[in-house]
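The following explanation is intended for a reader who meets this structure for the first time. Please keep the sequence and the three-dimensional view at hand while reading.

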There are 2 protein chains.
Amino acid sequence: MYDCQVAQPDDLESTTQPPAPAAETGLSRAQVVAEAIRLADADGVEGLSMRKLATSLGAGAMSLYHYVANKSELLDAMADVVFAEIDAPEGDDWRAAMRRRSISARAVLARHPWAVGVLESRVSPGPETLRHREAVMACLRRAGFSPVMATHANWLLDSYVYGFALQEASLPFTSADDLADMTEAVYLPQLPQDRFPYLHESAAALMEAGFDPAQQFVFGLELILEALEPLRSETATG
Amino acid sequence: MYDCQVAQPDDLESTTQPPAPAAETGLSRAQVVAEAIRLADADGVEGLSMRKLATSLGAGAMSLYHYVANKSELLDAMADVVFAEIDAPEGDDWRAAMRRRSISARAVLARHPWAVGVLESRVSPGPETLRHREAVMACLRRAGFSPVMATHANWLLDSYVYGFALQEASLPFTSADDLADMTEAVYLPQLPQDRFPYLHESAAALMEAGFDPAQQFVFGLELILEALEPLRSETATG
DNA sequence: TTGACAATCGTACACCGTACGAGGCAGAGT
DNA sequence: ACTCTGCCTCGTACGGTGTACGATTGTCAA
């Protein structure tokens, strides 16, 4: 009826490796996925093809299909591995916990910029993703948010994290030096002061002050966490 | 040096149609882009190919390249048209203005779910995009935000809008009925209460209460706007 | 020895973006 | 009237893609 599988049953057990990855000789699903992530980090997802991945693993293209049903499942698996890199929220202080996990999430998504795009149109969360989401909901519920409020808070925080990562991924520069060069060479000339005075001003201010994505991220994150605080302990709502 | 063009000079003038679109016979860039958007809305971006687009316009595939340098430029143009659908912020009340424009942005991105994904890895904003961003910055600056604070607020709001749209686009259902069916048929069985009690609880609560993305969006939006309010008029900072 | 099964991969097919260049057709110059 | 010059159309072809199919091998149980 619905073709949307949340996770394969035995994937849920995958904390212990499936049958033993055969170590030295032959491939393994984990190796395939890991190499795919390496390639995607280097060249972007659009540069990742089954043939290239296979070659990079020293195998024939069709061999991959023994470990992965199709490319879509491969992308799902990649996203799940990336998700596993994110620190789960821990501790009694919900703000500290969510701050840590959100900062971690942004950092991870900055390391794997393609992952944000993969999230979209990818419907079946993997086991690590589920575990992580469960941990987040647990943290919020234990902090006193009602089920409905916890869901709201979760959406708000995730939206911010993903949206920030998306914007960050589409920035044309990586380092602060790039920013300066870039701004001076491209943006300012193309944003004439008379037509786009405010964008011009903003670009100039950005270049002058430098731009640290992590710091920029924390600014909005703190605002959101503070705004969520008063919504706790209205346990009757949900 | 940098291959990142912000906008073609004459694109900036494109409020008036370039040379006259030739109306009846022959194609026009605007027609090509519009049909591409129609197809992407129907089948998703990954289902959009130059050949299908051409056929759908009653033309040969290569004819398109007279109006569009390559597929990447086509995607840029599509994103720009979508951006033009978003209401620009208007009026003296900055919160009302930004609320309207953010709600409009979410609605537009929900209508064109592929557009969020196109944003990523697309580096050159089109003329409409620039106009819109300029209007947003103008609104914030006039409301008393310093240049730096306005930039922060802009990032925060845009992150929320894009992130929300991204999450919404990856939802496996569209209508409330779908939600109920979906939850009952797929999520609840696959989220056993003992392993994922909180996700289970959340899914159940969501199904019971119904789920209106627009309403959910406004919740977080209002929180953000309220949190930004006290940061106005610190004009000395920037 | 035989049979089952896991793993590898060569080949082929349909599709993709697009380079190249050949054609048609409208209007301007002579 | 003739040519020339541009815009516009698109057929063909090339190198890439995901992957269906089936042949091949290696390994182990009976």
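This is a predicted model: local features need pLDDT of at least 70, side-chain atom pairs count only at pLDDT 80 or more; totals for chains, interfaces and linings use all residues.

Residues are numbered from 1 along each chain as its sequence is written, chains are lettered from A and ligands numbered from 1 in the order in which they are written, and side-chain values use heavy atoms, with hydrogens and water left out.

Chain A contains 10 helices and 0 strands; here helices (H or I, at least four residues) and strands (E, at least two) are DSSP runs, numbered from the N terminus. Of its 238 residues, 49% count as buried, where buried means under 20% relative accessible area, exposed over 50% and partly exposed in between, with a 1.4 Å probe and protein chains only. Among the contacts in chain A with a separation of 6 or more, 71% join residues 24 or more positions apart; a contact means heavy atoms within 4.5 Å.

Helix α4(B) has 18 residues and reaches 25 Å from its first C-alpha to its last, close to the 26 Å expected at 1.5 Å a residue; the expected span is 1.5 Å times one less than the number of residues. Its buried residues, among them Trp94(B), Met98(B) and Leu109(B), pack against α3, α5, α6, α7 and α10 of chain B. Leu109(B) has a relative accessible area of 6%. Beyond its neighbours within four places in sequence, Leu109(B) is in contact with Ala115(B), Val116(B), Val161(B), Tyr162(B) and Ala165(B).

Helix α9(B), residues 197-209, buries Leu199(B), His200(B), Ser202(B), Ala203(B) and Ala205(B). These residues pack against α6 and α7 of chain A together with α8 of chain B. After α9(B) comes Gly210(B), whose phi is positive, near 75°. In chain A, Glu168(A) belongs to helix α7 and is buried, with a relative accessible area of 17%. Not counting residues up to four places away in sequence, Glu168(A) touches Arg106(A), Ala110(A), Pro213(A) and Trp155(B).

The largest pocket holds about 1,600 Å³ of space. On a 1 Å grid over the protein atoms alone, a pocket is an open set of points where a 1.4 Å probe fits, with protein on both sides within 12 Å along at least five of seven lines, and lining residues have an atom within 4 Å of a point. Grid points are joined across faces, edges and corners, and the volume is the space filled by probe spheres set on the points. Of the 45 lining residues, the closest to the centre are Gly117(A), Glu120(A), Ser121(A), Val45(B) and Gly117(B). Helix α1(A) gives the most to the lining, with 4 residues.
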